[in-house]
Amino acid sequence: MNEDRIVASKDFTNAPLCLSGRHVTKVFGFGDKKTIAVNDVSFDFHEGEFVSIVGESGSGKTTLSKILLGLLNHTEGEILFQGQPRDISTGKKRNAYWKGIQAIFQDPFSSYNSFHKIDAVLLDCINMRGGKNLPMEKKIEMMTEACSFVNLKFAELTNKYPFELSGGQMQRLMIARIFLLKPKILLADEPTSMVDACSRATILDMLLQLRDEIGMTIIFITHDIGLAYYISDTVYIMEHGKFVEYGKADEVILNPKAAYTKRLISDVPKIHEEWDLSTVDLANG
Amino acid sequence: MKNTLRNIFHSGKFVAGFVIFVILLVTIIVYPLINPGSPLEQIGVGTFAKPGTYVSLYDAAKTSPDRERETLRLSDADDKRLAKALSDSDRVLMVEWLGLKGVDLEGIDYQDTEALLELWHENYDSTFKPKGMTSAAQKKYKRLNDALLDLQTGDNLTVMSEGETLSTIKKTDYVNVGTVTNVKLLPLGTDNFGRDVLKELVGATKTSLGVGIVAGIVATLLGLSMGLLSGYVGGIVDDFIMFITNLFTVIPGFILLILISYSISQEYRGPATVAAVIGFTSWPWTARSVRSQVISLRNRDHVNLSKLSGHSMLRIVVTDILPYIASYVVMAFILQVSSGILSEAQLSLLGLGPKTTTTPTLGLMMNWAMMYSAHTNGSWWAYFPVILTITLISFSLNLMNTGLDQVFNPTLRD
């Protein structure tokens, strides 16, 4: 099974810490309607690590990702960014934090403001990186470079609106955005679940390329444990707001300990296995 | 954007409403140019002159005989004149007399002027005084007889000035209306103060539309900003704004409107003030619906992405949320204008509308018609055109709104 992997699972335990959480909890509502979305989770993400958080729908993955992004306040616990307690109390501090962490969302169709042209989306990224006063030629050069990184032609995209592109192209453009922003951490919330299988492989390759070339930490959120095994260094398995198991991808997936992990693995459809026809009664079929 | 506009103008309902509205607007703009002057100018001394063309009697009589007058010998002219001159009450009197005289009344047609007159002249006797008839009644019949004789035998009219004959008008003299110097067309007659109703109506429509638009702008702006603030910021701000909105929802809006209007003294109650008051009492439902839309939008990925790009709250609201609810806001604005016009009419009907004597409004015209009992004395022209105008404005605005709704929510298309 090991030859299916495209990355060897490296040991990151000694790499510098990038983002950590200590007893992070998020509670929605109160009284009878109280829902604990994230229940006392702790984690350490290292620089250059490709982390997958795997869980079913409703397990709290997206809530956790919003907390990590600072879009949602957690109820309890502490989040450390590069070893320091994260402070996002003011707008200025938030903006500084968001220079270090960026995201790609699940649905490329709702990720864009459909009233803005693609050029505006990319120019915005250059401005955010302090390139506001660069000459226009330089900006176009940067945008062209970013687009060619994701196999898109910038010249064909100028003056187009996001809805004129396909889902796969939109998602690749999101990666081009990340390429321009060059954050320390990229949080990818199921970036491949809404695009077709061919685009999926290209997008995953681009994520790996980003990790290798820029040294980004990538937090990959998915419900597909097969995908997580294929791509990640470290895997966190999340069930009902808790991490039931975590560790190196090989260890967790090849020797699962938690019952939930075992179930998740058994649910993965296996293409390579021969079909077991013994259970099918051909005579009466 | 261009595409949306094209879609809007392909919607039959929107186009119908738009055309009606534009016709109204053009009338408001063009009519005062053709017929300038204050819409509240009193041109008549009496009340409720009927709709029609008014010809100056003086000018018609003074028209020079040789140049402008024509002689027309129309065979039925005399009959028509008589039929018109004999009022229904005269006819009743005549039949009464004939009855007293013992004439067989069966088969008599009141409306057959010729036969009635013939019978009258055969039977009238000034000395006849049956038992029980007062001399006053006898004189009444005599006066009627004199009038009837005059009608039939009356000859040429003589126009005199200080004993000198200026002109003689024969029964066969006619003038072309076009040659008479002073002719006034009053398509909708005059109202209780002798004002041209059509001119007043055009002026009133202009003021009422203005009131509606100002009320709509105030209500939409207030509702929009409250809704955006409460939906986007959330938390305590949301609770506070929703508390006020709920208060407004619980107290019937119209009663609030009456109380506020009543507490403003009449001298300060111009159309602008009334419009502002209407706007201030009708924003809550816009706020509520904008809030719910904003809440569903604020968690969308593009808003999150905008936050991650470090955009300020104002910029996110203006560029990432407002464009998505713009179509809804336009529709809300149209409805607010429509309901603003209706509210003004309701308030004015109760006498709480804008200050009188300076500008007419549709509601004020209804108020005047009601105060001077136009509806009981049959002066339909004083109130019916007003009702029709209000209906047309609301109808066109609502049609436009429905058309827009169908364009923006394709599931509603039939």
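Analyst: Happy to! First, a definition we will need: an axis is a line fitted to C-alpha atoms, for helices over the stretch in contact, and angles run from 0 to 180 degrees between N-to-C directions. Please also keep in mind that this is a predicted model.

User: Thanks! At what angle do helices α2 and α8 of chain B cross?

Analyst: Helix α2 of chain B covers residues 12-34, and helix α8 of chain B covers residues 197-233. Their axes come within 10 Å of each other. The angle at which they cross is roughly 125°.

User: Why are α2(B) and α8(B) called oblique?

Analyst: Angles of 65 to 115 degrees count as roughly perpendicular and those over 145 as roughly antiparallel. The angle here is roughly 125°. That value therefore makes α2(B) oblique to α8(B).

User: Which residues of α8(B) make the contact with α2(B)?

Analyst: The two helices pass each other in a left-handed crossing. On the α2(B) side, the contact is made by B:Leu24, B:Thr27, B:Ile28, B:Tyr31 and B:Pro32. By class, the contact has 5 nonpolar, 2 polar and 1 charged residues. From α8(B) come B:Val202, B:Thr205 and B:Lys206.

User: How do α5 and α6 of chain B pack, and what is the handedness of their crossing?

Analyst: Helix α5 (residues 88-100) and helix α6 (residues 113-123) of chain B have axes 10 Å apart and pack at an angle of about 45°. They are therefore oblique to each other. B:Arg91, B:Met94 and B:Leu98 of α5(B) make the contact with B:Leu116, B:Leu119, B:Trp120 and B:Asn123 of α6(B). The crossing is left-handed.

User: How far apart are the C-alpha centres of domain 1 and domain 2 of chain B?

Analyst: Chain B is divided into domain 1, made of 2-46 + 191-412, and domain 2, which is 67-179. The C-alpha centres of these domains of chain B lie apart by 58 Å.

User: Let's move to chain A. Which are the edge strands of its open sheet of 6 strands?

Analyst: The order in this sheet of chain A is β6-β7-β8-β3-β9-β10, with mixed pairing. Neighbouring strands are turned by 15° against each other on average, direction ignored. An edge strand pairs on one side only, and here those are β6 (101-104) and β10 (242-248) of chain A.

User: Which residue of β8(A) does A:Leu187 stand opposite?

Analyst: Strand β7 (residues 185-189) and strand β8 (residues 217-222) of chain A pair in the parallel sense over 5 bridges. Opposite A:Leu187 stands A:Ile219.

User: And which residue of β4(A) stands opposite A:Ser20?

Analyst: Another open sheet of chain A has 4 strands in the order β2-β1-β4-β5, with antiparallel pairing. In it, 5 bridges join β1 (residues 17-28) to β4 (residues 76-81) of chain A. The residue opposite A:Ser20 is A:Leu80.

User: At what angle does helix α1 of chain A run to β2(A)?

Analyst: Strand β2 (35-46) is one of the edge strands of its sheet in chain A. Helix α1 (residues 61-69) lies across β1 and β2 of chain A. Its direction is at an angle to β2(A) of about 60°.

User: Finally, which elements of chain A give two or more residues to the side that touches chain B?

Analyst: In chain A, 15 residues are in contact with 12 residues of chain B. The chain A side has 8 nonpolar, 5 polar and 2 charged residues. The elements giving two or more residues are α2 (91-100), β6 and α3 (118-128) of chain A.

How values were computed
Residues are numbered from 1 along each chain as its sequence is written. Chains are lettered from A and ligands numbered from 1 in the order in which they are written. This is a predicted model: local features need pLDDT of at least 70, side-chain atom pairs count only at pLDDT 80 or more; totals for chains, interfaces and linings use all residues. Two strands pair if DSSP finds at least two bridges between them. Two residues are in contact if their C-beta atoms, placed from the backbone, lie within 7 Å. Ala, Val, Leu, Ile, Met, Phe, Trp, Tyr, Cys and Pro count as nonpolar, Asp, Glu, Lys and Arg as charged, and the others, Gly among them, as polar. Angles under 35 degrees count as roughly parallel, over 145 as roughly antiparallel, 65 to 115 as roughly perpendicular and the rest as oblique. A crossing is left-handed if the near helix is turned anticlockwise from the far one by less than a right angle, and right-handed if clockwise. Domain bounds come from an automatic or database domain assignment.
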